[in-house]
Amino acid sequence: MGALQHIKHGDWLTLLLGGICVALLVLKLWGEGPADKAIIRSGGKIFRIVSLSRDQQIEVPGPLGISIISILNRKVRIASDPGPRQYCVRQGWLQQSGEIALCLPNQVSVELTGSQKKYDSISY
Amino acid sequence: MAAIALGLTVLENAIPSPLPGVKPGLANIVTLIVLARYGWRAAAWVSLLRVVAGSLLFGNFLAPGFFLSLSGAFCSLLVLAFAQHLPARWFGPVSHSIYAAFAHITGQMLVVYLWLIPHAGIAYLIPVFAAAALVFGTANGLIASRFIGASESA
């Protein structure tokens, strides 16, 4: 491969360090379990904390309009949002603790947590 | 060189990205080449010029996106100021690019956390950005290396 000639010995070390870094971040930040609660925020403040045990739809108001959050089979997704790019809607279903969907334009977010919350907005 | 960097930025904006904030950072190839050929000051000029001109072009000057680009640029330039002193026999543009890429996402995450979304939940996105930094940092470093090598082989 022609590309390999451009990688010097020290570069391999950098690649290794980078790889270890990514691996550690994945293990540390994604190593949670299934979630049991959803924390819904609007404008940065907690709007409602909902248990995942009951299927429901929640309307969350924001500056651009209403974002609708769906809870179904212990999974959560943002069903609709007035924002232009629809990133949060396209993200789909959230299931693991720690997963989060953010609708930046409408300032709405939903975050899943389990029995032990690793990061807390107050204590972090 | 700044014009080429700007051109790459425009090109890159045409490519839809699967996730917000994950970009190949093609214009950084120019920064890396300038760093290798003309030194840090020139690279800093090209980089900052590109960020400002790009934001004027896309109409988001002084918008959050602009500050994200700026913080990314500042942090990566800072790291490059140190990285360029790594012995050239062992470390090339690939290393410079990877270190700069990680510094870049760190700067951006700080701006996001301290100003835009002061919400510990963004920690969930960090592994994605880190992986992207590693992959695109390596790719850009290799591409830059190709151009640098081509001109130095004389």
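I take helices and strands as DSSP runs, a helix having at least four residues and a strand at least two, numbered from the N terminus. The model I examined is predicted.

**Entry 1. Chain A, overall**

I read chain A along its sequence and noted the pattern α-β-β-β-β-β-α-β-β. That is 2 helices and 7 strands. I then looked up burial and found that 30% of the 124 residues in chain A are buried. For contacts in chain A between residues at least 6 apart in sequence, I recorded that 38% join residues at least 24 apart.

**Entry 2. Chain B, overall**

I turned to chain B, which has 6 helices and 0 strands. The pattern along its sequence reads α-α-α-α-α-α. Buried residues account for 45% of the 154 residues in chain B. Of the contacts in chain B with a separation of 6 or more, I noted that 71% come from residues 24 or more positions apart.

**Entry 3. Positive phi in chain A**

I checked the backbone of chain A for positive phi in residues other than glycine. Q86(A) has a phi near 60 degrees and is not a glycine. I located Q86(A) in the loop between β5 (75-80) and α2 (87-90) of chain A. Is Q86(A) buried, exposed or partly exposed? I counted 14 C-beta neighbours inside 10 Å, so Q86(A) is classed as partly exposed; the cut-offs are 20 or more for buried and 12 or fewer for exposed.

Q107(A) is a further case, with a positive phi near 55 degrees in a residue other than glycine. I placed Q107(A) in the loop between β6 (100-103) and β7 (108-113) of chain A. Here the count is 20 C-beta neighbours inside 10 Å, and Q107(A) therefore counts as buried.

**Entry 4. Helix α1 of chain B**

I compared the span of α1(B) with expectation. This helix has 13 residues and reaches 19 Å from its first C-alpha to its last, close to the 18 Å expected at 1.5 Å a residue. I listed its buried residues as A2(B), A5(B), L6(B) and T9(B). Viewed down the axis of α1(B), these buried residues fall within an arc of 100 degrees, so they line one face of the helix. On the other side of α1(B), I found A3(B), L11(B) and A14(B) exposed. I then asked what the buried residues of α1(B) pack against. Their partners are α2 and α3 of chain B.

**Entry 5. Helix α3 of chain B**

I made the same kind of check on α3(B), residues 40-58. Its 19 residues should span 27 Å at 1.5 Å a residue, and the end C-alpha atoms are 27 Å apart, which agrees. I found A43(B), V46(B), S47(B), R50(B), V51(B) and G54(B) buried in α3(B). I noted that the cover over the buried residues of α3(B) includes α1 (2-14), α2 (28-38) and α4 (64-83) of chain B. Just after α3(B), I recorded a positive phi of about 75 degrees at G59(B).

**Entry 6. The α2/α3 pair of chain B**

How do the axes of α2(B) and α3(B) cross? I found that they come within 7 Å and cross at roughly 155 degrees. That angle makes α2(B) roughly antiparallel to α3(B), since angles over 145 degrees count as such. I noted the crossing of α2(B) past α3(B) as right-handed. For the residues that meet, I listed V30(B), T31(B), V34(B), L35(B) and Y38(B) from α2(B). On the α3(B) side they meet W40(B), A42(B), A43(B), V46(B) and S47(B). Of these, A43(B), V46(B) and S47(B) are also among the buried residues of α3(B).

**Entry 7. Contact between chains A and B**

Finally, I looked up the contact between the chains, which takes 27 residues from chain B and 29 residues from chain A. On the side of chain B that touches chain A, α5 (93-116) and α6 (126-152) each supply at least two residues. I asked which element of chain B gives the most to that side. It is α6(B), with 10 residues.

Technical notes. Residues are numbered from 1 along each chain as its sequence is written. Chains are lettered from A and ligands numbered from 1 in the order in which they are written. This is a predicted model: local features need pLDDT of at least 70, side-chain atom pairs count only at pLDDT 80 or more; totals for chains, interfaces and linings use all residues. The expected span of a helix is 1.5 Å times one less than its number of residues. Two residues are in contact if their C-beta atoms, placed from the backbone, lie within 7 Å. Axes are lines fitted to C-alpha atoms, for helices over the stretch in contact, and angles run from 0 to 180 degrees between N-to-C directions. Angles under 35 degrees count as roughly parallel, over 145 as roughly antiparallel, 65 to 115 as roughly perpendicular and the rest as oblique. A crossing is left-handed if the near helix is turned anticlockwise from the far one by less than a right angle, and right-handed if clockwise. The arc is that of the directions from the helix axis to the C-beta atoms.
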